[in-house]
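Please open the model in the viewer and keep the sequence at hand.

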Amino acid sequence: QVQLVESGGGLVQAGGSLRLSCAASGMILSLYDIDWYRQAPGQVRELVGGITDGGLTHYVDFVKGRFTISRDNAKSTVYLQMNNLQPEDTAVYYCNVFVDRDYWGRGTQVAVYT
């Protein structure tokens, strides 16, 4: 059974940094693309970026230059390094993989205050 578990969220002051982790089990992580999404209160879930099985990354415009996605296949973990966080980055962050269907973790909360 595929499982994704996000961790690393928390409360951070604007301008600060957090590193989120997405630990995968029940699958061979190296074979799959992983995406990060976020959902702010009252908003739809939106794509943040992703990393391919080959390690290529893509990001949406509002995080380019601030967020970096990486992967450690040996640890079966994907990371989202977030720098220069702003209040508008406050959301629950999720990782996602499509194997035989879409799988989601439960998310990790990020809150940014001024």
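Begin by selecting Tyr37, Tyr94 and Trp104, which form one aromatic cluster. The model is predicted, so local features need pLDDT of at least 70 and side-chain atom pairs count only at pLDDT 80 or more, while totals for chains, interfaces and linings use all residues. Residues are numbered from 1 along each chain as its sequence is written, and side-chain values use heavy atoms, with hydrogens and water left out.

A search of the whole structure finds 2 aromatic pairs. Rings of Phe, Tyr and Trp (its six-membered ring) pair if their centres lie within 6.5 Å; planes under 30 degrees apart are stacked, over 60 edge-to-face, and the rest tilted.

Display Tyr37 with Trp104: the ring centres are 4.9 Å apart and the planes stand at 65°, so this pair is edge-to-face. Tyr37 belongs to strand β4 (residues 34–39) and Trp104 to strand β10 (residues 102–104), and the pair links these distant parts of the chain, 67 residues apart. Strands (E, at least two residues) are DSSP runs numbered from the N terminus.

Tyr94 lies in strand β9 (residues 91–98), so its pairing with Trp104 in strand β10 ties together parts 10 residues apart in sequence.

Now colour by accessibility. Tyr94 is buried at 11% relative accessibility, whereas Trp104 is partly exposed at 35% (buried: under 20% relative accessible area; exposed: over 50%; partly exposed: in between; 1.4 Å probe, protein chains only).

Finally, select Arg19, which lies over the face of Tyr79 at 4.2 Å from the ring centre, and then Arg101, which lies over the face of Tyr103 at 3.9 Å from the ring centre. A charge sits over a ring if NZ of Lys or CZ of Arg is within 6 Å of the ring centre and within 35 degrees of the ring normal.

Conventions. Helix = DSSP H or I, 4+ residues; strand = E, 2+ residues; numbered from the N terminus.
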